[in-house]
Amino acid sequence: MGDTGTSAPGLHGNAIARNAGHALELDWINEIQVNRSAVERRTSTLGGRRSVKKDAQAGWLLKAITCIDLTTLNGDDTAARVRRLCAKARQPVRPDLLEALGVADRNITTGAVCVYHRFVAEAVAALDGTFIPVAAVSTGFPAGLSPHDTKLREIEASVADGAHEIDIVVTREHVLTGNWQALYDEMRDYRAACGEAHVKAILATGDLRTLRNVARASMVCMMAGADFIKTSTGKETANATLPVSLVMLRMIRHYQERTGHLVGFKPAGGISTAKDVLAYQVLMKEELGRRWLEPDLLRFGASSLLADIERQLEHHVTGRYSAFNRHPMA
């Protein structure tokens, strides 16, 4: 796949690629077009497909668990809630189910735990002894309207507290006004402030109005060094959708073809069922290939998704569905 840039420690200690970035090429950005009807036609059947069943479906769902950024981003978060979330990240599926599925020895964990800066140190301590990284939302999340220097200090503070991944929010105004130089410079500053920590660029696609804006913002952020591009904060009225995701995945493919750099993808917001996650996994595999089903290149921002996956796995093992309260999050 060509040069993938520098590497850094990743999930389970594996070295994962960093996106080295690329010079801003406005001609490249301006030539990007999106055919909305074709995008919607391409994604309209994904949710209804039953391409994986029984043991294969269980396998896909177990893989999905390893790609979840288990998240709590609420105004009433507490240290105790974060510790419980980290315990769930360590043991996302009941041991008896893993034993029945024949994967008790696989050390299955979630991909990361995602929290506000206030709880980064708490999460790092709770995950000590694991390879599960802590991700911190930053840069004035979710609106992204704090002063630029304040945003950079917030990133630096989270990295100092032990965050290995930073989910930043772009300034939507730069996208809506087509100020691609400003978006590029902002993203480059965020990347520099992150140091060795991976940076995920949240586009807040529900605020960007057009798929063409989504495509162009995706490309600019990748040129500026984003290691992941992420759909949403989860706080917009419209969050992750399959059409938006398809557009972003094709920009990732286009960027990789032109630069050799691999960039990850994180859909977030509204992905709450096993059926949802399977549709995204199918889309990833069809558009980018098997390589993008691994946690170093795919994450799902979710809070309730894990409970439904665990319910589906229990149904696969026992033939019965259990209540959600038997699969607590935090």
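T205 is buried, with a relative accessible area of 7%; buried means under 20% relative accessible area, exposed over 50%, and partly exposed in between (1.4 Å probe, protein chains only). The model is predicted, so local features need pLDDT of at least 70 and side-chain atom pairs count only at pLDDT 80 or more, while totals for chains, interfaces and linings use all residues. Residues are numbered from 1 along each chain as its sequence is written, and side-chain values use heavy atoms, with hydrogens and water left out.

T205 lies in the loop between β7 (198–202) and α10 (211–223); helices (H or I, at least four residues) and strands (E, at least two) are DSSP runs, numbered from the N terminus. Neighbours within four places in sequence aside, the contacts of T205 include V214, T231, E236 and M248, where contact means heavy atoms within 4.5 Å.

**Helix α7**

Helix α7 spans residues 148–160. Its buried residues are K151, L152, I155 and S158. Seen down the axis of α7, these residues fall within an arc of 125°, so they line one face of the helix; the arc is that of the directions from the helix axis to the C-beta atoms. They pack against α6 (120–126), β5 (134–137), β6 (165–169) and α9 (180–194). The face turned away from the buried side carries the exposed residues D149, R153 and A160. Just after α7, G162 takes a positive phi of about 115°.

**Salt bridges**

The structure holds 29 salt bridges, each a side-chain nitrogen of Lys or Arg within 4 Å of a carboxyl oxygen of Asp or Glu. Three of them are listed below.

| Pair | Closest N to O |
|---|---|
| K200 and D69 | 3.1 Å |

K200 is buried, at 1% relative accessible area, and D69 is buried at 0%. Both belong to a network of salt bridges that also links E165, D167, K230, K266 and R299.

D308 and R311 both lie in helix α13 (residues 305–318), three residues apart, about one turn of the helix. D308 is buried at 7% relative accessible area, and R311 is buried at 13%. By contrast, R290 is partly exposed at 44%, as is E294 at 22%.

Conventions. Expected span 1.5 Å × (residues − 1).
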